[in-house]
Amino acid sequence: MSAPPLIVLGVRRSGTTLLRVMLDRSSQLAVPDESYFLPQLAHRHGDRPDVDAFLDDLRRLPTLREWELSPDEVRERLRPGMTLGEAVGAVYETYAAQQGKPRWGDKTPMYMQYLPLLERLFPDARYVHLIRDGRDAALSFLQMPEGVVTKTWAHPRDAAGFACQWRSEVAAARSLGRRVGSSRYVELRYEQLVEDPGGELRRLCAFADLPFEAEMLAYAGNVDVSRKPHQQSLTRPPTPGLRDWRTAMSAADTAAFQEIASDLLADLGYPLANGAPRRPTPRGRRRLASYRALTAAWRASAYALQRSPLWRRRHPPLT
């Protein structure tokens with residue numbers, strides 16, 4: 001597969017699942033459910049992974065079972081001397097081939113914390129960054145049912161915590177876009193995607209060298225969300241105004257979010273509540289510094305676990 005992968009970037013609850021479903025209905029592109037495994041495989045294997053050790057770890061990943069993908073099928077695409085990116089890409093290539101498609105993509109919001117890793121593994125990847133007003137995304141995130149998201153000690157607990165995540169991740173993705181240039185990075189707004197899905201998809205397809213197909217918009221009623229209570233909006237066509245922070249977010253939460261992220265909201269053209277500061281307040285800067293320290297510590301602890309023998313004991317073979 002010579003065409004570059006298409007990676008969907010976006011903070012949680014920014015509409016990335018909607019975009020994934022649309023793209024996955026392309027006859028040329030397979031975009032599976034969230035993968036989660038890239039940091040684990042990257043931390044456990046060097047730049048030139050041993051094929052047998054790599055396959056042994058694949059047998060321990062629940063994602064492959066969810067994708068109904070056999071590690072033995074992946075084995076056929078592995079060879080000694082492959083780079084780690086090529087070996088990981090073989091997993092996606094096998095999935096895409098299983099779907100009868102020549103090209104693959106990924107949509108895993110967690111990877112917004114691992115953008116340098118994505119660029120190292122897939123130096124030719126194209127990125128589509130879906131941005132949503134962070135206050136609407138916060139409403140959606142904080143209203144998610146219990147048990148849907150695995151909560152860690154770095155997990156946002158309130159509007160201010162989510163504002164730290166939104167501001168940090170959106171800014172990091174935009175910085176990546178400036179580094180790789182417009183040939184490999186494009187931004188879409190969630191609000192425009194639901195207002196004009198056909199026009200925005202055509203623009204994205206032109207960027208990604210994909211043919212636009214009307215079938216990409218015909219997902220309503222064709223997506224199984226029976227076990228996904230947080231994705232019930234996929235049962236209907238793109239719908240503007242599912243959440244509106246102006247009417248649904250408390251004044252206290254709005255103020256807390258804007259203390260941290262008002263400058264980025266304004267840069268993106270989103271209106272601010274009356275009296276909002278134009279840059280993070282001292283309290284907002286302290287929250288941001290605390291968030292960055294907390295998430296850095298979480299990634300460091302995850303790295304240590306994934307590098308240790310304990311990882312395999314916690315992840316017994318599944319196949």
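Buried means under 20% relative accessible area, exposed means over 50%, and partly exposed lies in between. Keep these cut-offs at hand for the exercises below, which work on a predicted model.

**Exercise 1. Describe helix H13: where does it bend, and what covers its buried residues?**

Solution. Follow H13 through residues 251–267 and stop at Ala261, where the helix bends by about 80°. Ala261 is itself one of the buried residues of H13, and others include Phe257, Ile260, Leu264 and Leu265. Now look for the cover: it includes helices H8 (134–142), H9 (159–180), H12 (245–248) and H14. Past the helix comes Gly269, with a positive phi near 90°.

**Exercise 2. Find the residues with the most contacts inside the largest nonpolar core.**

Solution. The largest core has 68 residues, and Phe37 and Trp166 have the most contacts inside it. Its largest share, nine residues, comes from H9. Then take Phe37 and set aside neighbours within four places in sequence: its contacts are Leu61, Thr63, Leu64, Trp67, Val88, Val91, Tyr92 and Tyr111. A second, separate core of 24 residues has Leu6, Val21, Leu188 and Leu201 among its members.

**Exercise 3. For the salt bridges Asp24–Lys101 and Arg126–Asp209, work out which parts of the chain are linked and how exposed each partner is.**

Solution. Begin with Asp24 and Lys101, whose side chains meet at 3.9 Å, N to O. Asp24 belongs to helix H1 (residues 16–24), while Lys101 lies in the loop between helix H6 (84–98) and strand E3 (103–107), 77 residues apart. Asp24 is partly exposed because its relative accessible area is 22%, whereas Lys101, at 14%, is buried.

Turn to Arg126 and Asp209, which meet at 2.9 Å, N to O. Arg126 is in strand E4 (residues 126–131) and Asp209 in the loop between helix H11 (197–208) and H12, 83 residues apart. With 16% relative accessibility, Arg126 counts as buried; Asp209, with 54%, counts as exposed.

To finish, look for shared partners: salt bridges join Arg44, Asp56, Asp57, Arg60 and Arg312 into one network.

Notes: Residues are numbered from 1 along each chain as its sequence is written. This is a predicted model: local features need pLDDT of at least 70, side-chain atom pairs count only at pLDDT 80 or more; totals for chains, interfaces and linings use all residues. Side-chain values use heavy atoms; hydrogens and water are left out. The bend at a residue is the angle between axes fitted to the seven residues ending there and the seven starting there. Helices (H or I, at least four residues) and strands (E, at least two) are DSSP runs, numbered from the N terminus. Buried means under 20% relative accessible area, exposed over 50%, partly exposed in between (1.4 Å probe, protein chains only). Contact means heavy atoms within 4.5 Å. A nonpolar core is a set of buried Ala, Val, Leu, Ile, Met, Phe, Trp, Tyr and Cys residues joined through side-chain atoms within 4.5 Å. A salt bridge is a side-chain nitrogen of Lys or Arg within 4 Å of a carboxyl oxygen of Asp or Glu.
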